[in-house]
Amino acid sequence: MRLESFSGWGEMARREGIPLWQVVLNYEVHQRGRPEAEIWARLEQVYAVMAEAVRSGLSEPRQTPSGLVRDSGKKVAQASVEVIDSRFRKLLAYAVAAKETNACMGRVVAAPTAGASGIMPGVLLFLEEEHGVARRRLYEAMLIAAGVALIIEQKASISGAVGGCQAETGTAAAMAAAAITYCLSGTNEMIFEAVAITIMNMMGLICDPVAGLVELPCVKRNGSAAVIAAAAAQMALAGDTAVIPVDEIVVAMGEVGAAMDPRYKETALGGTAATPTAQAIAQKLWTDPTHIRYENPE
């Protein structure tokens, strides 16, 4: 068995009368030779690390030596002005907090990469706490998310150095949108629509890390991507569609990534990283080894 397209994945599930997650589980068992019990145990372990990344990001000081990351998750969670619904704000804070854990050298799960490691944890813990989703269903959603990443990796890319940030946070958001849709009882078609809508709305996003560090704008983008994933899932669950089939959307994502200028592929030579302020930060960080933190005018 092979997982090469969303249409093929859906057809396999329909033909065998099994859920999407079962197709991915069977793939892991038969293609990778992993015992089923080991896979479920691993999913449990992975989720525990994800949840801890969120919780520690909200409870422990979060500041990197560069000073570019400074307790953003806690600031969002504790904000006195509420622009969005409190549950939506919680989702945003969770994703940001988990990504900050990565930026501060904490333990995270690359989902699918370390640069996008806040999105799935934020979404999954949010689903458990706010929607009462059972752990077993969360683990099944994680299998579906893995299937999404596997197909995108083959048809486009999950690497910022290859396809820009659309390949990293875009893929993670698509994984999260699929997970949300599944956990809230969406059909297979709705799950795929959520993936397509997410990618459609993140296509073309560049990778432009300030000073070459996976901190800014990465942390902010993890939070925004989690919100986009939730919005896409909401649209899909409402019966809305992307119109363009998900497989075609992913191919377009790969084409955009291939055409993207190298300045926008993790080189820190374009976009946000090329602004005068970002250049000054980089100069200060890399020419003064004793420098501890960048003094933000704020």
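## Basis of the model

This is a predicted model, in which local features need pLDDT of at least 70 and side-chain atom pairs count only at pLDDT 80 or more, whereas totals for chains, interfaces and linings use all residues. Residues are numbered from 1 along each chain as its sequence is written, and side-chain values use heavy atoms, with hydrogens and water left out.

## The cavity

The lining of the largest cavity divides into 5 nonpolar, no polar and 2 charged residues (Ala, Val, Leu, Ile, Met, Phe, Trp, Tyr, Cys and Pro count as nonpolar, Asp, Glu, Lys and Arg as charged, and the others, Gly among them, as polar). These residues are C165, C207, D208, P209, P217, C218 and R221, and the volume they line is about 30 Å³.

On a 1 Å grid over the protein atoms alone, a cavity is a set of points where a 1.4 Å probe fits but cannot get out, while a pocket is an open set with protein on both sides within 12 Å along at least five of seven lines; lining residues have an atom within 4 Å of a point. Grid points are joined across faces, edges and corners, and a volume is the space filled by probe spheres set on the points.

## The pocket

The largest pocket holds about 710 Å³ of space and is lined by 27 residues, with E28, L43, A110, M142 and A146 nearest its centre. By class, its lining has 20 nonpolar, 2 polar and 5 charged residues.
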